[in-house]
Amino acid sequence: MEWFERTKPYEADLIADLNQIVIIPSILDPNTQSDRTPFGVDMARALAKMEELAARDGFRYGRVDNMVTWIEYGPADAAETVAILTHIDIVPAGEGWLRDPFKPEILDGLYFGRGSADMKADLMSAYYAMKYLADHEITLTRKIRLIIGTDEENGWRDLPRYFEVEGEPTMGFSPDGAFPVVNGEKAFQTVQLRFANQTTGDYVLRRFIAGSRPNVVPGEARARVSVPNPAQVQNEFATYLAQYPFLSGQSEVRDQEVRLLLKGVQAHGAYPQDGENAGTYLANFLRRFAFNADAKTFLDFIGRVVHDDIGAENLGLRYHDDVMGDLTLNVGVMRFSQNGQGTILLNFRYPQGVNVQAVTTQVQRHLGDFAATVEVWPGGMEPHLVPETDELVGTLSLVYAKQTGMYMNPRTSNGGSYARLLKRGVAFGGQFPDVPVTSHQANESTPVANLTRSMAIFAESLLKLAK
């Protein structure tokens, strides 16, 4: 019997358990952080739910510092461990949803909900792959450990602590990427620009807000401006939007201010080409007016220097590596408040051959009149590459080829998965090549058929790696 036929009967139960995870808004919540809930109450609820499932199904499980839950199958005293590295935290829902992001629905064969693509569906497919092996009492030599983190979308403070306590697994994969095998991951680094916000004259930028996370392409931007002729700004804004059919927005005059809302296309910051950055477009529109002082340089930097420049060519950072590909830039967060403190967060993904010093040096060189300080955010990662000759890469590649009927060479990703924390770690699934990427986007979804399709690939992979 083919593996997909073996796993298909699990579909209804898998979906029922997935629903229990998706309804929990496991987003970093500073308001409910404590020693028992280091990333917020809802994150702890999500881990507890996974532990409840593990207890139901007879798995060994445990928790490390209330940050990471592990679930295990195989000989407890095995010297070697095959890890499945996952996370249960998600990014905020954002705007533009046609349905409640935390009330999962299946429509036209698609499972909708925040976290469905990144990465709760793949977490559950991996869990059920392990459950399949346990249900059939398959004997293993290595143990399998599903490791569930809670800080992947933020500071990666969870799994490094897990490794300190539990040690590094022998090898493993993270289903937080794409099929086929992703044996290379570019570096990722966020650079913060901090600056004063002084603005005077006839044109005053009162406030500018776009983005919430450096690793998300902002889908919405707002600005409040005082200008001599509000009607002129409104008319020109309507004309500007008409030039770009992928943008929308509105304007209103209130208390002698023009308030602008521009909507672009939200996307994962690892793939800025999939989105349309609302923040840089709004700045690009506003820079035509006679703002001065810090407002002028702020709008010029994001509306000209880094606008529509995902290759960072205007920063002198265009770079290509034959193995790992191109450097990319996402302008993830933009803040300006009159007479306050301003912030811009630039998220870079770069291959081997580039380093963080080169990135920060080039950003500093291209600030022009922008009196900003350049700081490196903690938590960045250097490029990661596992040789194609490694047993792990070969085994996963062959399982994928066997089950899909198509061999595809290992490749490099712009995204960052927990696999890079292992010396022998790769990303593997659950994004199939023929499925649009919806991670971090409004109306995030995953095909229902791929839930057990991924489960089948993971189950056979785990069997071959741990047998």
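Predicted model: local features only at pLDDT ≥ 70, side-chain atom pairs only at ≥ 80, totals over all residues.
How much space lies in the second largest pocket? About 480 Å³.

**Stop 1**

Select G94, E95, G219, E220 and Q266. Of the 25 lining residues, these lie nearest the pocket's centre. Now colour by element. β11 (204–210), β12 (216–217) and β13 (220–226) each give two or more residues to the lining. β13 gives the most, with three residues. Next, colour the lining by residue class. Ten residues are nonpolar, ten are polar and five are charged.

**Stop 2: strand β6**

Select residues 143–149, strand β6. Seven of its seven residues are buried. In a regular strand, side chains alternate between the two faces of the sheet. Check the directions here: K143, R145, I147 and G149 point one way, while I144, L146 and I148 point the other way.

Strand β2 (residues 68–73) runs antiparallel to β6, joined by five bridges. Strand β3 (residues 81–87) pairs with β6 in the parallel sense, over seven bridges.

Centre on R145. Which residue of β2 is its bridge partner? E72 is the bridge partner of R145.

**Stop 3: T328**

Move to T328, in strand β19 (residues 328–337). Is T328 buried or exposed? T328 counts as buried because its relative accessible area is 8%, under the 20% cut-off. Show the surroundings of T328. Beyond neighbours within four places in sequence, T328 is in contact with A270, P272, I310, N347, F348, R349 and N414.

Definitions and conventions
Residues numbered from 1 in each chain as written. Heavy atoms only, no water. Helix = DSSP H or I, 4+ residues; strand = E, 2+ residues; numbered from the N terminus. Buried < 20%, exposed > 50% of the residue type's maximum accessible area, 1.4 Å probe, protein only. Contact = heavy atoms within 4.5 Å. 1 Å grid on protein atoms, 1.4 Å probe; cavity = no way out; pocket = protein on both sides within 12 Å on 5 of 7 lines; lining within 4 Å. Points joined across faces, edges and corners; volume = space filled by probe spheres on them. Nonpolar A, V, L, I, M, F, W, Y, C, P; charged D, E, K, R; others polar. Pairing = 2+ DSSP bridges.
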